[in-house]
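Look over the sequence and the model, then read the points by topic.

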Amino acid sequence: MPESATLDRFDRALLAEVQADNLTPARVLAERVGLSESAVLRRLRRLRQEGVIVADVAVVHPAVLGTPLCLHVLVSLERETSDRLDAFVRGLRLRPEVRAAWYVTGEADFVIELRLGSMADYEAFTRAVFHDDPNVKAFRTLVAMRQVIGT
């Protein structure tokens with residue numbers, strides 16, 4: 001992780017632009033941030049090489065993919081030994097329903113974001129991932145009604 005990356009005002013301006021739309025042509029980015037097109041391309045290449053820009057992805061509407069249901073699950077584990085934490089994370093990585101997961105502090109140990117087609121799919125997921133894992137002490141589910149910020 002590039003925690004020590006040095007970013008100047010041009011880098012920050014470029015990052016703001018490509019976070020909004022990473023398909024913006026370099027010519028347009030150059031006009032917006034006050035650099036030449038070649039300088040923009042050099043900076044973007046460097047930011048990718050340094051790991052500041054982690055990915056260039058397409059955000060696809062979940063309903064088109066058959067996964068309109070968004071759930072956030074708070075998971076508490078019985079024991080948080082390194083091997084058990086690693087095993088739980090490995091299991092999550094194998095599941096395509098898991099869009100993101102965070103190891104957190106507070107009343108839960110993990111927050112997991114899921115995308116599924118139905119509540120029946122979620123029930124099958126909970127049986128396989130939570131109920132069948134003896135180290136899962138409890139989980140709470142938050143069902144998103146609609147996304148209000150973000151992509």
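The protein is divided into domain 1 (9–50) and domain 2 (62–143), with bounds from an automatic or database domain assignment. The C-alpha centres of domain 1 and domain 2 lie 36 Å apart. This is a predicted model: local features need pLDDT of at least 70, side-chain atom pairs count only at pLDDT 80 or more, and totals for chains, interfaces and linings use all residues. Residues are numbered from 1 along each chain as its sequence is written, and side-chain values use heavy atoms, with hydrogens and water left out.

**Helix H2**

- Helix H2 spans residues 26–33. Helices (H or I, at least four residues) and strands (E, at least two) are DSSP runs, numbered from the N terminus.
- Ala-26, Val-28, Leu-29, Ala-30 and Val-33 of H2 are buried. Buried means under 20% relative accessible area, exposed over 50%, and partly exposed in between (1.4 Å probe, protein chains only).
- The cover over these buried residues includes helix H1 (9–20) and H3. Contact means heavy atoms within 4.5 Å.
- Gly-34 follows H2 and has a positive phi, near 80 degrees.

**Nonpolar cores**

- The largest nonpolar core has 18 residues. Such a core is a set of buried Ala, Val, Leu, Ile, Met, Phe, Trp, Tyr and Cys residues joined through side-chain atoms within 4.5 Å.
- Val-75, Phe-88, Ile-112, Leu-114, Tyr-122 and Phe-130 have the most contacts inside this core.
- E1, helix H4 (82–93), strand E3 (110–116) and H5 each give two or more residues to this core. E1 supplies the largest share, 5 residues.
- Leaving aside neighbours within four places in sequence, Phe-88 touches Val-75, Leu-77, Phe-110, Ile-112, Phe-130, Asp-133 and Val-136.
- A second, separate core of 14 residues includes Leu-29, Leu-35, Leu-47 and Ile-53.

**Two loop residues**

- Val-64 lies in the loop between helix H3 (37–49) and strand E1 (69–77). Val-64 counts as exposed because its relative accessible area is 67%.
- Asn-135 sits in the loop between helix H5 (119–131) and strand E4 (136–143). Asn-135 has 8% relative accessibility, so Asn-135 counts as buried.
- Beyond its neighbours within four places in sequence, Asn-135 is in contact with Ser-76, Leu-77, Glu-78, Arg-79 and Arg-84.
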